[in-house]
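Let's take a friendly look at the charged side chains of this protein and how they pair up. Here are the sequence and the structure to follow along with.

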Amino acid sequence: MIEDLRTLVEVESPSRDVDALTESAKTVAEVIGKRLGGDAVLIESEAGPHVHWSGGGDPRVLILGHHDTVFPLGTLARRPFAVADGRATGPGVFDMLGGLVQAVHGLAALDDLSGVEILVTADEEVGSRSSRALIEERARACGAVLVFEGAADGGGVKTARKGCGTFEVAITGRASHAGLEPEAGINALVEAAHQVLAIAALGRPDIGTTVTPTVAAAGTLDNVVPAEATVVVDVRVESAEEKARVESAFAALRPRLAGAEITVQGGVGRPPMPESAAAGLFAMAQQLVPGLAGRAVGGGSDGNFTAALGVPTLDGLGAVGGGAHADHEYVLVDAMAERAHLVTGLVRAIRNDGVAS
């Protein structure tokens, strides 16, 4: 397992780099073929190749993951794969190459792989625009989804996720000389300030809705009334009702300054993953690992899409560790075998008993 993890980590796979993702997809396919037999197929997309493998027979369970990472080319030279003090480190080990390795090795322990499919996408970190339709197609066909994103804190699985999305508010004003005739301008930065306060007020943290302005830009020179400004906003919601409310509120934004114009793009691209979607699979997992915790988390994954279809979905089955998207990302080596055994048991239970939707 450690050597397979090294193999995957040492082929860098930054999102949107199609050439790098092509090499990564080939490597993922080779690891799957080596451990499970058969041929993994590369499905080309504008974002890079997705990898699909089938054990044959009627589909019963979809193993879902991604091979793209947030780390740019060159990160590996600065932070090479290493194992020390019980931890494996390197770009992408926790999110989510360690989970892929565990899934493949867990499946390799089964005598019969019929009914099992694996889908490893190339664009999860950037919104899954090219892979969403494929994910949803295979999830419907299989009827149960196991997602191999990193485990929750303490090794728990993820039984609920917030819906999440990004909005960009673009403001157009009119430039003028800040000293000679500021009154002739329409200050896009001042308009942005009004909008930021209105947008932040949309949050309802008491019911899990966070609306957080995260990036802003305005102006060109210190003596020019700014004609343009942009504000980027991160949104997280726990319910479809809150998704609709927040999206409607953004659509209803209106300028405060006469003559200013506002354009809004974006939305809550990943729907919420309710706990009900994970209930049956989580009960199976607890039978296999007594005391296994389930956590509701704020981040999104491709499991949000499959759960929104009503397909039973359990997330966070990947590596136990931490530091996703950070330089201190790590995987606890001693937990890898146990996690692989959990894969084996879950797939066997799903095929034998089925799971209530």
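## Salt bridges in the model

K243 has a relative accessible area of 23% and is partly exposed (buried means under 20% relative accessible area, exposed over 50%, and partly exposed in between, with a 1.4 Å probe and protein chains only). Its salt-bridge partner is E247, which counts as partly exposed at 25% relative accessibility. Both residues sit in helix α7 (residues 240–251), four residues apart, or about one turn of the helix. Elsewhere, salt bridges with shared partners join E3, R6 and E10 into one network.

This is a predicted model, in which local features need pLDDT of at least 70, side-chain atom pairs count only at pLDDT 80 or more, and totals for chains, interfaces and linings use all residues. Residues are numbered from 1 along each chain as its sequence is written, and side-chain values use heavy atoms, leaving out hydrogens and water.

In total, the structure holds 16 salt bridges, each a side-chain nitrogen of Lys or Arg within 4 Å of a carboxyl oxygen of Asp or Glu.

Helices (H or I, at least four residues) and strands (E, at least two) are DSSP runs, numbered from the N terminus. E117 counts as buried at 5% relative accessibility, and R138 is buried with a relative accessible area of 15%. R236, by contrast, counts as partly exposed at 22% relative accessibility.
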